Amino acid sequence: KINNMVIARLHDFFEPAGANHQHLGFFINGTMCDFDNIRIYTYTQPLRAGPCVVADRFAQRGEFASAVSEYEEVLPEFATTALADDIALKICDCRIRLKQYALAAKILERPQQSPEKRDALLPRRLFLAGVLHGTRGKEQKADSAFAQLFRRSANSPYCESACAIMIQRALKSLASNDPAAAGRTLETLARNYPGAPPKAGGRAYLMLMEYYLERGALEHATSVGDTIIKYYQSDSDVLLRAKVSLSRMHLANGNKLQAIDLLNQCISAYLPSEGTWKAWMEFAEIYEFDLNFNDAFTIYKKIFSDAPKYLVTSWMARVRMGEIANRAASEERPEKIFDDVILSPHPFLLPRQIAQFYKGDLSKEEFQTWWRSMYPGTRAFLYYFAKKAIIDNDRRQACRYLELFKENLAPNTWSALQVNKTLSLLQKY
């Protein structure tokens with residue numbers, strides 16, 4: 001948690017250890033991160049050591065080959081007992097981690113030795129089956145195994161681990177430009193997860209929706225938005241953010257009144273949600289688009305004044321105030337506003353870097369290098385180059401950067417409309 005907000009939950013498929021399980025916390029500034037090299041060491045000792053205590057220690061330390069050797073040495077002694085199935089699944093777990101998928105599959109194909117433990121071991125067996133199918137590229141079989149886990153073992157902690165794996169796989173599909181696969185996985189998760197669909201799944205759905213919006217695939221974006229509204233009625237933040245994204249789709253289509261209606265729904269909900277403040281941000285952008293800089297500045301100021309400072313939206317609104325301060329009836333100067341963003345003790349790198357660039361503390365080369373390192377494959381730094389040129393009253397350079405930025409935008413998007421409008425005004429005057 002950061003400032004009492006849950007940022008992420010990490011799940012692994014070892015059995016929970018210690019009172020209230022074990023928790024890991026990370027503070028990450030400025031980017032999305034994947035962790036693939038975490039090792040958890042436990043120094044707790046059981047009061048009565050079981051027959052697999054040595055093998056378990058090897059497994060916990062990530063020494064899976066040694067763990068397999070120890071488990072296989074112990075297994076014959078308990079081959080006719082209820083413990084045999086438990087040991088076999090532990091071996092399967094290690095085989096998967098060692099990428100010995102064929103050997104792991106053979107273990108899962110064997111009939112269980114102990115019928116009385118079938119129900120107790122079912123969650124782990126289904127979970128490992130899902131993991132194994134996923135690692136072998138059989139995503140639909142993996143989703144099917146996880147769906148069975150959700151339906152048949154709703155209270156198992158393995159459900160949360162399966163949920164995390166499905167979301168991660170959906171995001172990898174999205175990063176690989178396979179949004180259809182991402183959508184299928186997220187649909188399976190939302191439809192089958194016990195209780196309310198997980199919030200992290202809703203955020204992944206929002207990323208899928210943004211993917212389609214950025215590429216002008218408005219029909220697909222609408223479909224995803226409808227799915228979010230169907231499954232996430234009880235999650236106000238995900239629901240409101242989906243409506244904000246749908247409003248941008250309407251703006252891209254020129255349906256301004258429908259967009260405003262959706263944004264009003266978000267604002268009138270009176271919920272202390274990030275989605276509400278994103279709706280206010282969208283309203284301010286509409287006023288900017290209409291050249292009503294006074295009202296846009298007023299809304300940005302309201303967001304900065306009223307939104308919690310642990311939301312990046314608050315600080316981005318402050319940056320926007322600086323961008324248009326010279327065109328609005330404001331007593332605040334851009335330099336003071338940017339200094340406020342730079343010097344305030346918030347943890348958000350993006351608004352601070354933008355403010356430093358606008359103020360001249362970072363050169364174009366430094367800002368571009370930073371942007372490429374944090375957001376590889378994107379060229380939105382050109383947008384900020386253009387904004388700084390406008391602040392510096394350099395219309396020619398602003399037009400040049402906006403033309404370059406426009407090359408990376410799908411034509412039927414709200415961002416493209418905004419860029420075209422700005423270009424038209426700069427070229428006209």
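Visitor: Where does Leu291 lie, and between which helices?

Guide: First, a heads-up: this is a predicted model, in which local features need pLDDT of at least 70 and side-chain atom pairs count only at pLDDT 80 or more, while totals for chains, interfaces and linings use all residues. Residues are numbered from 1 along each chain as its sequence is written, and side-chain values use heavy atoms, with hydrogens and water left out.

Now, Leu291 lies in the loop between helix H13 (274-289) and helix H14 (293-306). Helices here are DSSP runs of H or I with at least four residues, strands are E runs of at least two, and both are numbered from the N terminus. Leu291 has a positive phi of about 65°, although it isn't a glycine. Most residues other than glycine have a negative phi. With 39% relative accessibility, Leu291 counts as partly exposed; buried would be under 20% relative accessible area and exposed over 50%, with partly exposed in between (1.4 Å probe, protein chains only).

Asn177 has a positive phi too, near 60°. Its place is the loop between H7 and helix H8 (179-192).

Let's follow H7 (residues 158-175) to H6: their axes come within 10 Å and cross at roughly 150°. Axes are lines fitted to C-alpha atoms, for helices over the stretch in contact, and angles run from 0 to 180 degrees between N-to-C directions. H6 and H7 are therefore roughly antiparallel to each other, a label for angles over 145 degrees. Among the H6 residues that meet H7 is Phe146, where contact means heavy atoms within 4.5 Å.

Rings are another thing to look for, with 25 aromatic pairs in the whole structure. Rings of Phe, Tyr and Trp (its six-membered ring) pair if their centres lie within 6.5 Å; planes under 30 degrees apart are stacked, over 60 edge-to-face and the rest tilted. Phe127 and Phe146 make a tilted pair, 5.9 Å centre to centre with 40° between the planes. That pair links distant parts of the chain, since Phe127 is in helix H5 (residues 118-135) and Phe146 in helix H6 (residues 139-152), 19 residues apart. Phe127 is buried at 0% relative accessibility, and Phe146 is buried at 0% as well.

Phe357 and Phe367 are stacked, because their ring centres are 4.7 Å apart and their planes are at 15°.

How values were computed
Parallel < 35°, antiparallel > 145°, perpendicular 65-115°, else oblique.
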